[in-house]
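Here's a quick briefing for anyone meeting this structure for the first time.

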Amino acid sequence: MATAKDADRVRPALTLSKEEREVEVPEPRLNWMNQSREWGIRVKPGKKGLTLGSLNVGLYGEIPMNWPDRTRNPRGAIGVTGSPPVAIQIKDKVDLWAPCAADLYEEAIQRRWAPATDVDWTAIHPLPEDVERAICQVCTEICQYAIIDVEVITSWQHQMAYGYHEVKQFLATTSLDATRRHEAFRKRALVNGGGLGYEGPCQVSRLLLESRGGWTETVTGLTLVRGLFTQVMIRYLTRFAYNGVERKIYECVTQDLARLLTYGIEHIKYALGHAPDRQGSIFTTLAIGMRMFNRDLRDPVLREALAIIFGGGIPGARNEGMHVFYEMLDEYVQELLSACQYLRLPVTMEQLPRVLQKDQRHLPGD
Amino acid sequence: MAWFDAVRDIYNHDDAMHGAGSGSCDCVVGLQVGREFFQLIFEGFECSEARKVTKAKLDECDFYLHMPSKDWRAMLQNIQEHGHATDNYTLNTLDLDRAEGLSTSTHNDQVFSI
């Protein structure tokens, strides 16, 4: 409410002349209106709408092999002279590009799902205690994988030049995918009144978090070691799902992971195609990753939990469950070798840790 | 072909199949059913076309699924009986049960089953 003090403040202004009271506004120069690197190119929406990739026409579609601009200037925009650089370290296309990035981004946006509402949590009921505990333990492991994925991806994403926004935007969706993965599996662990279990041994996780040599090398671990194994594990969990709720979660997560794997493998292929000398570092990274994975597999917790799930309980875990677990490992190895063959990486079965070689397998405690 | 068109029609008009993580894609899918070959064209949220093709047309597919006719029939009977694929008849299980997998391509670029 206005007071006497307010009146004192207003009165002097009211005594000013009309000319004195008007704020001086400079005449608009509008000299920015005719400034554009390219004008008049029109992109029309298609059956999938107006997609990110469809904007790449004319100058706006020129994606050079190097992007020296270390500012946040959008590709195609006119930069401001004198802008200080930001922490952009990845400026070469070969260090992050995958031709499918824009399409993967579009798919991620259009195929999004929400664990809270797209999963019918009312339709799930407690399973026998041994199976429920095993599922909760596996959920714990997958939650941790997802946390690591978010941290790894986001720690690299901000270092990438904005000239390659397709990749940056796609990686933003993978962060969301991983966050959603964490959410869904945490909910599954807790929905029946159970709880989370043990943290995993984290050898592969540490490798990913501490990877500083390059994004391509980090992607090698993220996809060929961690991502591919997670994908195969979830496919087997889908096969042995105990209800429609679990199956829904696994199927949605499978799609999300497929995009990350596609980007990762296509990026590695692009990198090797344009910089063949990178084969050595990628191969070494993979070899180290396999050794870390070997250490993780020595821990019995995940193995036993999966065997219980696959075997329908503790009684079936030792024989049938473990048989399926090993079958799952074999499937992972086949996928890995197929991917390496596609990438022309000289990886053979004999170079893998013995636990991954069907004829050489021996796990502690077997 | 009438069967494919009927399924296409259901898929294209059922919004429940277009959200919650499913629906939109852009690919040409091939199917080998015994010695017959089919193409399904997916554009966005629509299966825009299904057609019977020759084996050579599999080259145009992003990937194709192949099983003997009896296995396709068993899968469809399972779906008809339960309203959805169960147990050993989901595409995931069918793929895992096969040493060579369920999906492949003529270009050797379907290097892993997803």
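In chain A, helix α5 passes helix α7 in a left-handed crossing. Keep in mind that this is a predicted model.

**Two helices side by side**
- Two packed helices are described by the angle between their axes and the distance between the axes.
- For α5 (residues 129–157) and α7 (residues 203–210) of chain A, the axes come within 9 Å and cross at roughly 15 degrees.
- Angles under 35 degrees count as roughly parallel, so α5(A) and α7(A) are roughly parallel to each other.
- On the α5(A) side, the contact is made by A:I148, A:E151 and A:V152, and on the α7(A) side by A:S205, A:L208 and A:L209.
- Sorted by type, the residues of this contact between α5(A) and α7(A) come out as four nonpolar, one polar and one charged.

**A mostly covered helix**
- How many of the 10 residues of helix α3 (residues 101–110) of chain A are buried? Seven are, which leaves the helix mostly covered.
- The buried ones are A:A101, A:A102, A:L104, A:Y105, A:E106, A:A108 and A:Q110.
- What do the buried residues of α3(A) pack against? Their partners are α6 (165–190) and α9 (244–274), both in chain A.

**Cysteines without partners**
- A disulfide is a covalent bond between the sulfur atoms of two cysteines.
- Searching the whole structure, over all chains, turns up zero disulfides.
- Take A:C139: the closest cysteine sulfur to its own belongs to A:C136 and sits 6.1 Å away, so the two are too far apart for a bond.
- A:C139 is also buried, with a relative accessibility of 2%.
- Over in chain B, B:C61 is in no disulfide either, and the nearest cysteine sulfur, in B:C27, is 9.3 Å away.
- Is B:C61 buried or exposed? It's buried, at 3% relative accessible area.

- B:N12 has its place in helix α1 (residues 2–13) of chain B.
- B:N12 and B:S48 are 36 residues apart along the chain, yet their C-alpha atoms are separated by 8.4 Å.
- Leaving out residues up to four places away in sequence, B:N12 touches B:H18, B:F45, B:E46 and B:C47.

Notes: Residues numbered from 1 in each chain as written. Chains lettered and ligands numbered in written order. Predicted model: local features only at pLDDT ≥ 70, side-chain atom pairs only at ≥ 80, totals over all residues. Heavy atoms only, no water. Axes fitted to C-alpha atoms, helices over the stretch in contact; angles between N-to-C directions. Helix = DSSP H or I, 4+ residues; strand = E, 2+ residues; numbered from the N terminus. Parallel < 35°, antiparallel > 145°, perpendicular 65-115°, else oblique. Left-handed = near helix turned anticlockwise from the far one by under 90°. Contact = heavy atoms within 4.5 Å. Nonpolar A, V, L, I, M, F, W, Y, C, P; charged D, E, K, R; others polar. Disulfide = S-S within 2.5 Å. Buried < 20%, exposed > 50% of the residue type's maximum accessible area, 1.4 Å probe, protein only.
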